[in-house]
Amino acid sequence: MCARVLVAEDDEKQAEVLRLYLESEGHTVVLAPDGRAALDEARRDRPDLLVLDVMMPKVDGLDVCRILRQESDVAVLMLTARATEDDLLLGLDLGADDYLTKPYSPRELMARVRTLLRRTAPRREPPDSALRAGLLRLDPVRHEVSVGGRPVDTTPGEFQLLETLIRQPGRVFTRRQLLELTRGDDRFVSTRIIDVHVLNLRKKLEPDPQKPVYLRTVFGVGYKLTPEDAA
């Protein structure tokens, strides 16, 4: 999981070490040498993760965490030389997601980063993953289908077939190809199931199932999906 990481650390050597380790795992890294710069950068770039040293000039890490937690849900991993239980609880009470005491090994920090990014990823809005053909929209992540904004309920088999076709609009697939792409190498399933899925999808998607504009039959070959405006 590649992420945008803001490292707020006033020790230049330590900051560069963190940058190298984070970039080695594919993350994009921005460094902030003090708390004020960390606040400005976090507000401007909206990182996925803030690695935040507590002992920072201008604005200390605890205040940075407190201020940012009121403005965003950025994941925060705090770094500190303070190892008492009260210090740890204070950082967590202010909204830090995790806490690592100095000295620490870079490998341990990277393990914490990976865990934190996995745990907080659902809080970020996923990108639009929808596939479109004319007014037809299929979202493989949310498992949703709609036509002109109207939701359409599909069975798992219908959804798999429609997803296969919409990923390559205009391509003609034989029934056997569609069966293998949606069901795998299952020799005990008849290609007739493809015809049934197409028939049912036409009833759900087409303005006139008798004159389909999306799911078109190519006689003697199979089926293809054509955007409505290209029909």
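## The β11–β12 pair and its sheet

Strand β11 pairs with strand β12 (residues 222-225) in the antiparallel sense, over four bridges. Two strands count as paired if DSSP finds at least two bridges between them. Arg216 has its bridge partner in β12: Lys224. The model is predicted: local features need pLDDT of at least 70, side-chain atom pairs count only at pLDDT 80 or more, and totals for chains, interfaces and linings use all residues. Residues are numbered from 1 along each chain as its sequence is written, and side-chain values use heavy atoms, with hydrogens and water left out.

The pair belongs to an open sheet of three strands, in the order β10-β12-β11, with antiparallel pairing. β10 (173-174) and β11 (215-218) stand at the edges with a single partner strand each, so one side of each has no neighbour in the sheet. Helix α6 (residues 156-166) packs on this sheet and touches β10, β11 and β12. The direction of α6 makes about 70° with that of β12. Helix α8 packs on the sheet too, touching β11 and β12, and its direction makes about 140° with that of β11. Contact means heavy atoms within 4.5 Å. Axes are lines fitted to C-alpha atoms, for helices over the stretch in contact, and angles run from 0 to 180 degrees between N-to-C directions.

## The four-strand sheet

A second open sheet has four strands in the order β6-β7-β8-β9, and its pairing is antiparallel. β6 (131-133) and β9 (150-152) are the edge strands, each pairing on one side only. From one strand to the next, the twist averages 25°. Strand β8 (residues 144-147) and β9 run antiparallel, joined by three bridges. Val145 has Val152 in β9 as its bridge partner.

α6 lies across β6, β7 (136-139) and β8, at about 110° to β7. α8 packs on the sheet as well, touching β7, β8 and β9. Its direction makes about 160° with that of β9.

## Helix α6: covered

How many of the 11 residues of α6 are buried? Nine are, and the helix is mostly covered. Buried means under 20% relative accessible area, exposed over 50%, and partly exposed in between, with a 1.4 Å probe and protein chains only. The buried residues of α6 include Phe159, Leu161, Leu162, Leu165 and Ile166. Two charged residues, Glu158 and Glu163, are also buried. For classes, Ala, Val, Leu, Ile, Met, Phe, Trp, Tyr, Cys and Pro count as nonpolar, Asp, Glu, Lys and Arg as charged, and the others, Gly among them, as polar.

## Helices α7 and α8

Helix α7 (residues 175-183) packs against helix α8 (residues 192-205) at an angle of about 85°, with the axes 9 Å apart. That makes α7 roughly perpendicular to α8. Angles under 35 degrees count as roughly parallel, over 145 as roughly antiparallel, 65 to 115 as roughly perpendicular and the rest as oblique.

From α7, the contact uses Arg175, Leu178, Leu179, Thr182 and Arg183. From α8, it uses Ile193, Ile194 and Asp195. By class, there are four nonpolar, one polar and three charged residues in the contact.

## Strand β3 and its parallel partners

Strand β3 (residues 49-53) is mostly covered: five of its five residues are buried. Leu49, Val51 and Asp53 lie on one side, Leu50 and Leu52 on the other. Strand β1 (residues 4-8) runs parallel to β3, joined by four bridges. Here Val7 stands opposite Val51.

β3 also pairs with β4 in the parallel sense, over five bridges. Leu52 has Met78 of β4 as its bridge partner. Thr80 is found in β4 (residues 75-80). Is Thr80 buried or exposed? It counts as buried, because its relative accessibility is 0%. Leaving out residues up to four places away in sequence, Thr80 touches Asp53, Val54, Tyr99, Leu100, Thr101 and Lys102.

## The whole protein

The protein has eight helices and 12 strands. Helices (H or I, at least four residues) and strands (E, at least two) are DSSP runs, numbered from the N terminus. Buried residues make up 41% of the 231 residues. Of contacts between residues at least 6 apart in sequence, 54% join residues at least 24 apart.

The protein exposes about 12700 Å², and carbon and sulfur atoms supply 51% of that area. Accessible areas come from the Shrake-Rupley method with a 1.4 Å probe; for residues, only the protein chains shown count as cover.
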